[in-house]
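Subject: Structure handover

Hello,

Here is the structure I promised to pass on. Please open it first, then read my notes below.

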Amino acid sequence: MSFRDLRNFTEMMRALGYPRLISMENFRTPNFTLVAEILIWLVKRYA
């Protein structure tokens, strides 16, 4: 992902009310745990 994509993603998650702070440093290396947490949170929010 580009810098712009990461910035937009972190801002979007903040706007949606994701309870944890997501920094752009979290995605410097693949962070599968964080991605899994985000996906679970999104599914629970949708359901």
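Which residues make up the largest nonpolar core? The core has 6 residues: Met 13, Tyr 18, Ile 22, Leu 34, Ile 38 and Trp 41. Helix α2 gives the most to this core, with 3 residues. Please keep in mind that this is a predicted model.

Overall layout

The chain has 47 residues. Its secondary structure comes to 2 helices and 0 strands. Helix α1 covers residues 3-16, and helix α2 covers residues 32-46. Along the principal axes, the C-alpha atoms fill a box of roughly 30 × 20 × 15 Å. Of the residues in the chain, 17% count as buried.

The helix pair

Two packed helices are described by the angle between their axes and the distance between the axes. Here, the axes of α1 and α2 come within 13 Å. They cross at roughly 40°. The crossing of α1 past α2 is left-handed.

Which residues make the contact? From α1 come Phe 9, Met 13 and Leu 16. From α2 come Ile 38, Trp 41, Leu 42 and Arg 45. Sorted by class, this contact of α1 with α2 has 6 nonpolar residues, no polar ones and 1 charged.

Met 13

Met 13 is one of the residues of the largest nonpolar core. Met 13 is also part of the contact between the helices. Leave aside its neighbours within four places in sequence, and Met 13 is in contact with Tyr 18, Ile 22, Ile 38 and Trp 41.

The loop

Phe 27 sits in the loop between α1 and α2. What does Phe 27 contact, leaving aside its neighbours within four places in sequence? The partners are Leu 6, Phe 9, Ile 22, Leu 34 and Val 35. Gly 17 is 10 residues from Phe 27 along the chain, and their C-alpha atoms are separated by 19 Å.

Met 1 is in the segment before α1. Is Met 1 buried or exposed? Met 1 counts as exposed because its relative accessibility is 71%. From Met 1 to Met 13 is 12 residues in sequence and 16 Å in space, C-alpha to C-alpha.

Phe 3 lies in helix α1. Phe 3 has 55% relative accessibility, so Phe 3 counts as exposed too. Phe 3 and Met 13 are 10 residues apart in sequence, with 15 Å between their C-alpha atoms.

Best wishes

Notes. Residues are numbered from 1 along each chain as its sequence is written. This is a predicted model: local features need pLDDT of at least 70, side-chain atom pairs count only at pLDDT 80 or more; totals for chains, interfaces and linings use all residues. Side-chain values use heavy atoms; hydrogens and water are left out. Axes are lines fitted to C-alpha atoms, for helices over the stretch in contact, and angles run from 0 to 180 degrees between N-to-C directions. Helices (H or I, at least four residues) and strands (E, at least two) are DSSP runs, numbered from the N terminus. A crossing is left-handed if the near helix is turned anticlockwise from the far one by less than a right angle, and right-handed if clockwise. Contact means heavy atoms within 4.5 Å. Ala, Val, Leu, Ile, Met, Phe, Trp, Tyr, Cys and Pro count as nonpolar, Asp, Glu, Lys and Arg as charged, and the others, Gly among them, as polar. A nonpolar core is a set of buried Ala, Val, Leu, Ile, Met, Phe, Trp, Tyr and Cys residues joined through side-chain atoms within 4.5 Å. Buried means under 20% relative accessible area, exposed over 50%, partly exposed in between (1.4 Å probe, protein chains only).
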